[in-house]
Structure formats: structure tokens, C-alpha cells
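Thanks for coming. I have one structure to go through, so please look at the screen while I talk.

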Amino acid sequence: MLPHTPRPVVRVFPETRLLICGQAPGRRVHESGLPFTDPSGDRLRDWMGVDYDTFYAERRIGVAAQAFCYPGTAPKGGDYPPPTRCADLWRPQLLEALPQMELTLLVGGYAQAWALGDRVKRNMTETVQAWREYAPDLVVLPHPSWRNTAWLRKNPWFEAEVVPYLRERVRSILSSATARPREGGDQVLS
């Protein structure tokens, strides 16, 4: 059903403790086969407080979008929404295989809606404003795309409040030698 050959872009390991869940790989990521190899990735790494080499070398950091494959470009521009069938079919199995998971970053409205269900707010801004309700197991983020630059300017509280918290959580996970297993299995994304 995709307009191209599927190319799943998932990067997780048994040691993964921090899982980044966006909506779906974009065109550049589809072509490279490596998640967040675009300007969005640069911004996300900055928010997390990690450099490029750490992001890709650190096995405690995993990336698995809601949809594992690029959904294609919509006729009016932008990407198609992520098909939910991918997440419904594969994410429960993926999460079961990650027993050391401590933190999931829900990047963008589609990922937040899928993962939070009825806990999601009316829109992405309200969901991100309510970030404390989801912590410490989840951190909700706007998509780091250049298209959200105006949103970031209108919402300076995000970089003043959420980004420092995110950096501290990431630093804690990457500096800790032992993992804290999740309690209750997949409740992190229920």
C-alpha cells in the first residue's frame, strides 16, 4: 500500500533504555536507512544534549517510529500520516523485546496520539504543555522539524522547561551503569 518499496528504519538493541518514537521516517531517512539523519535529527540531538557520535554509537538510545517505513509524500506537500497498522502490528512486540526501557520520547502529535490514547490533550501544544503529567517514563516533544520553528518561538517555555528536564533524564540514563527494568511490561506506552 506504500507508493514505494518498504524500507523499515528501526534502530533498537537489547540494551535500549531510551526509545525515540516519532511518527515515521522521512524521505531522507528512507534513503539513508539511518534514523534522524536530517536537520530534524540535529535539533533533536541538541534538545537531548547528545552529539551525533553518541546518538548513533550509544546502544542505550533506540529509535522506532510509530510507523517503521516512510509513508510517502502527499500531493499537496509534506508526508502522508503514518499508517496505524504498522504500530498496531509491530510496536507491542518491539516493546516486549526492550525490558530495560526507562524513557520514551514521543515526538510529534501522531506519536503522542497513538501512545497516549485518551490521555492526549486537544492538540500537540496542549499535550506538550502537560509534559509533567507523563513524566518520568514519557517526555512529549513537538516534532523537531524546521516547520516548527515558529511554534518554538511562540512557546519559549518549551526550551526553558522541557529541554532542561529532557537533558537531565538523558544524562541520567546514559551515565547509569545499570538499567532499571520497566514495571508492568508495556505500561510505558499504554
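Some ground rules come before that. This is a predicted model, in which local features need pLDDT of at least 70 and side-chain atom pairs count only at pLDDT 80 or more, while totals for chains, interfaces and linings use all residues. Residues are numbered from 1 along each chain as its sequence is written, and side-chain values use heavy atoms, with hydrogens and water left out.

The pocket first. On a 1 Å grid over the protein atoms alone, a pocket is an open set of points where a 1.4 Å probe fits, with protein on both sides within 12 Å along at least five of seven lines. How much space lies in the largest pocket? About 950 Å³, where a volume is the space filled by probe spheres set on the points, and the points are joined across faces, edges and corners.

The lining has 31 residues, and a lining residue has an atom within 4 Å of a point. Gln23, Ser40, Asp79, His143 and Ser145 lie nearest the centre of the pocket. Helix 1 (27–32), helix 2 (39–48) and helix 5 (109–116) are the elements that give two or more residues to this lining. Helix 1 has the largest share, with three residues. Helices here are DSSP runs of H or I with at least four residues, strands are runs of E with at least two, and both are numbered from the N terminus. By class, the lining has 15 nonpolar, eleven polar and five charged residues. Nonpolar covers Ala, Val, Leu, Ile, Met, Phe, Trp, Tyr, Cys and Pro; charged covers Asp, Glu, Lys and Arg; the others, Gly among them, are polar.

Next, helix 9, residues 157–175. Its 19 residues reach 27 Å from first C-alpha to last, close to the 27 Å expected at 1.5 Å a residue; the expected span is 1.5 Å times one less than the number of residues. Where does helix 9 bend? At Val163, by about 30°, and Pro164 follows within four residues. The bend is the angle between axes fitted to the seven residues ending at a position and the seven starting there. The buried residues of helix 9 include Trp157, Phe158, Val163, Leu166 and Arg169. Buried means under 20% relative accessible area, exposed over 50%, and partly exposed in between, with a 1.4 Å probe and protein chains only.

Now the rings. Rings of Phe, Tyr and Trp (its six-membered ring) pair if their centres lie within 6.5 Å; planes under 30 degrees apart are stacked, over 60 edge-to-face, and the rest tilted. The count comes to eight aromatic pairs. Phe36 and Phe55 have ring centres 6.4 Å apart and planes at 90°, so they are edge-to-face. Phe36 sits in the loop between helix 1 and helix 2 and Phe55 in helix 3 (residues 52–57), so this pair ties together parts 19 residues apart in sequence. Phe36 is buried at 12% relative accessibility, and Phe55 at 2%.

Last, the single residues. Ala64, in strand 3 (residues 61–64), is buried at 0%. The peptide bond from Ala135 to Pro136 is cis, with omega near 10°. Glu31, in helix 1, is exposed at 51%.
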